[in-house]
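Please look through the structure shown here with its domains, its core and its backbone geometry in mind.

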Amino acid sequence: MTRHLLSAGDLSPDDATLILDTADELARISDRPVKKLPTLRGRTVVNLFFEDSTRTRISFEAAAKRLSADVINFSAKGSSVSKGESLKDTALTLEAMGADAVVIRHSASGAPHTLAHSGWIGGSVVNAGDGTHEHPTQALLDAFTMRRHLTSLDGRSVVVVGDVLHSRVARSNVLLLRTLGAKVTLVAPPTLLPVGVEQWPCEYSYDFDSVLRGADAVMMLRVQRERMNAAFFPSVREYSRRYGLDAERMRRLPEHAIVMHPGPMNRGLEITAEVADSPRAVIVEQVKNGVSVRMAVLYLLLSGSDSALTGQLVPEEVAL
Amino acid sequence: MSGGERQPRFLIKGASILGKEPADLLLSDGVIAEVGKSVSAAGAEEVDAFGLIALPGLVDLHTHLREPGREDAETVASGSAAAAVGGYTAVHAMANTEPVADTAGVVEQVWHLGRRTGLCDVYPVGAVTVGLAGQELAELGAMAESAAQVTVFSDDGHCVSDAVLMRRALEYVKAFDGVVAQHAQEPRLTEGAQMNEGPVSGVLGLGGWPAVAEESIIARDVLLAGHVGSRLHVCHVSTAGSVEILRWAKGKGIAVSAEVTPHHLLLTDEMVRTYDPRYKVNPPLRTQEDVDALRQGLADGVIDAIATDHAPHSLEDKDCEWEAAAMGMVGLETALAAAACAMIESELLDWAGLADRMSVRPAQIGRLTDQGRPLDAGEPANLVLIDPRARYVVDPTEFASRSRNSSFVGTEFRARPVATFLRGSLTAQDGKVC
């Protein structure tokens with residue numbers, strides 16, 4: 001594990017477990033009236049968002065603030081791909097301001113990788129979603145949520161349904177869940193599975209109904225309506241019929257199975273309101289867990305003397 | 001060019017011609033005056049070439065000199081210098097300049113700039129369509145009849161994707177023995193493409209450029225060329241499937257030629273895992289299977305030529321995230337070394353074979369009569385001396401090119417051009433222009 005979090009695939013089983021265990025400890029903070037630890041006092045975390053994502057940004061912001069870090073939100077709307085300040089100049093600016101960690105969301109796959117390896121900045125880089133590549137903290141919060149409901153991920157079956165081709169959430173989940181011992185099955189129409197998916201460390205199916213019976217968790221991915229115009233599927237209604245999760249399909253899941261969604265949901269497209277609001281849906285819980293997991297990531301990246309993900313929680317701070 | 005001024009005579013001693021027996025070559029009055037075992041000539045400057053290999057000066061069918069328009073990346077002068085250093089005595093300057101080389105005026109400007117620089121022969125390529133827009137034919141005849149005497153026409157960077165327009169262009173250039181050099185890229189299949197479509201693009205989440213987008217255009221174009229009896233050249237072939245289609249077409253007697261770049265003979269899409277924009281190029285780096293097929297196709301002669309697709313870009317166009325970066329890499333100064341690494345060290349070609357693919361056949365495709373000639377007495381004195389055992393690491397800060405975007409930075413190569421002669425004049429020596 002390096003001092004950055006760029007890909008879920010960079011995490012060893014020990015790294016991933018340490019993050020989840022740490023998040024468990026930190027989650028208790030969220031239940032206290034005063035939700036704050038002094039751990040990162042004096043450290044600066046920059047949220048560098050080249051893409052609009054209020055949900056992810058406020059989750060990171062809450063995580064950093066609960067650890068007493070100074071938070072700077074840098075919203076470079078549009079994107080650096082358009083004319084304007086380059087990623088490099090933005091990075092040099094942040095470096096000059098003394099950023100200890102940069103949480104970056106960017107529309108270009110690999111932008112966090114470039115930021116981390118260019119020599120432009122010295123701090124840690126956390127990938128908060130890059131293009132159609134990865135979103136490792138989303139995968140961590142998903143794993144955290146599943147672990148809470150399913151005890152352990154080892155040997156569990158997770159079904160991920162939807163636009164895998166364009167989904168950074170799916171890529172990170174496949175890598176992390178595999179590391180944690182779960183079996184992942186991707187479900188999508190063939191048009192929305194990437195070329196080479198047969199080489200991924202998971203199974204895949206074009207038939208949602210055939211995989212319902214054995215699922216411990218079902219994760220529905222957001223499908224953008226504009227994909228229809230690019231002929232990925234014929235119509236919203238046909239997509240919903242074949243790949244949407246409705247009450248009828250939910251009934252065929254095992255009783256203990258949970259329903260997840262990274263949000264924001266298209267109610268009525270990939271998931272019906274009835275399912276989204278059912279007790280089996282843990283979607284709101286995912287949001288809450290996001291803060292704990294991001295606290296754990298920032299804590300482990302920034303508090304260790306070598307800034308590596310190897311630090312241990314100081315007992316008096318979290319053993320509450 | 002040296003024109004009327006008196007040039008020193010050179011006596012090259014002991015060069016291994018095409019990698020074979022050592023011989024002496026006397027260069028005088030722009031031609032090879034004498035070739036033999038022990039030539040002597042009073043007053044001639046002697047060049048110790050023992051251990052060096054002599055090949056005819058290299059000819060590039062595919063060079064971007066960027067002038068006019070992007071002189072920050074390259075000029076005709078700096079690109080000519082890079083060519084001379086790389087062992088080239090002739091280059092074809094692609095038409096995607098600003099303004100586009102789609103009129104007699106622009107091609108003559110580039111041609112004159114090349115003449116004035118005089119470090120290698122610069123042959124402008126004319127655009128097939130006005131503004132490279134793929135809508136209407138440029139005045140191909142006017143460019144052919146201009147001082148630049150254009151014979152190669154290409155919208156390189158863009159595909160002539162309209163089948164009717166491609167057919168007409170192929171037919172039209174027959175009137176002046178021209179050739180259409182196609183950038184084979186089906187546009188709809190490559191919208192948003194960032195790299196080769198395959199397992200690596202799936203993992204990296206980068207838009208895919210599928211092999212079929214190249215192969216489908218080549219298949220269509222060889223059928224069109226066969227149908228109308230025209231000459232077709234395929235730029236920068238990059239896939240195993242393209243090699244198979246070309247093999248089939250040549251077997252049918254269709255007048256098609258093809259080129260491959262040094263980078264497609266050495267590098268694969270695995271390099272993209274670094275997200276380092278130096279590896280971003282169009283067509284993209286493919287798989288090892290493609291690399292192997294391209295090498296074999298070149299060895300078999302199915303692919304006729306190695307062409308650099310020298311594509312200089314300013315630092316700011318490469319010092320950024322992958323998706324924002326420009327496509328292309330410089331190649332003139334590393335092409336010979338890379339080609340030797342891919343083809344000679346693997347024993348797929350000998351030096352004579354490499355000379356055929358880097359000089360003789362490109363000259364024939366471009367209808368150049370005084371390039372790519374045998375190193376015999378009476379022939380034009382266009383040649384390069386190569387040290388086949390140099391061992392050096394590529395350092396772009398030493399490039400004569402204005403740009404540094406090489407995919408071979410830090411690579412150790414063996415073969416190195418050490419002296420280049422254009423019509424008897426020494427144009428470059430030991431990595432520096434003369």
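Leaving out residues up to four places away in sequence, Ser59(A) touches Gly290(A), Val291(A) and Arg294(A). In this predicted model, Ser59(A) is part of helix 2 of chain A, which covers residues 54–66. Ser59(A) counts as buried because it has 26 C-beta neighbours inside 10 Å, where 20 or more are required. Between Ser59(A) and Ala139(A) there are 14 Å in space, C-alpha to C-alpha, and 80 residues in sequence.

Helix 11 of chain A, residues 283–302, deserves a separate look. Of its 20 residues, 15 are buried, so helix 11 of chain A is largely enclosed by the rest of the structure.

Domain 1 of chain A consists of residues 8–134 together with 287–318, while domain 2 takes in 136–285. The centres of the two domains, taken over C-alpha atoms, are separated by 26 Å. Where they meet, 25 residues of domain 1 of chain A are in contact with 21 residues of domain 2 of chain A. On the domain 1 side, the elements that give two or more residues are helix 1 (13–30), strand 4 (124–130) and helix 11 of chain A. Helix 11 of chain A supplies the largest share of that side, with 8 residues. In composition, the domain 1 side divides into 11 nonpolar, 9 polar and 5 charged residues.

In soluble globular proteins, nonpolar side chains tend to be buried together. The largest nonpolar core here has 248 residues, and the members that touch the most others are Val218(A), Leu298(A) and Ala54(B). Helix 11 of chain A again gives the most, with 10 residues in this core. For Val218(A), once neighbours within four places in sequence are left aside, the contacts are Val159(A), Val161(A), Leu245(A), Leu253(A), Ala257(A), Val259(A) and Met260(A).

The contact between the two chains takes 21 residues from chain A and 16 residues from chain B. On the chain B side, helix 5 of chain B (residues 199–204) gives the most, with 4 residues. The residues of that side divide into 7 nonpolar, 5 polar and 4 charged.

Some details of the backbone remain. Most residues other than glycine have a negative phi, and most peptide bonds are trans. Against that background, the peptide bond from Gly263(A) to Pro264(A) is cis, with omega near -10°, and Pro264(A) sits in the loop between strand 9 (258–260) and helix 10 (273–276) of chain A. In chain B, the bond from Glu67(B) to Pro68(B) is also cis, with omega near 5°, and Pro68(B) is found in the loop between strand 6 (58–63) and helix 1 (76–85) of chain B.

Which residues other than glycine have a positive phi? Leu18(B) is one of them, with phi near 55°, in the loop between strand 1 (10–17) and strand 2 (22–28) of chain B; with 19 other C-beta atoms within 10 Å, Leu18(B) is partly exposed. Asp309(B) also has a positive phi, of about 50°, and lies in the loop between strand 15 (305–306) and helix 10 (335–344) of chain B. Asp309(B) is buried, because 28 other C-beta atoms lie within 10 Å.

Definitions and conventions
Residues numbered from 1 in each chain as written. Chains lettered and ligands numbered in written order. Predicted model: local features only at pLDDT ≥ 70, side-chain atom pairs only at ≥ 80, totals over all residues. Core = buried A, V, L, I, M, F, W, Y, C linked by C-beta atoms within 7 Å. Buried ≥ 20, exposed ≤ 12 C-beta atoms within 10 Å, placed from the backbone. Contact = placed C-beta atoms within 7 Å. Nonpolar A, V, L, I, M, F, W, Y, C, P; charged D, E, K, R; others polar. Domains from an automatic or database assignment.
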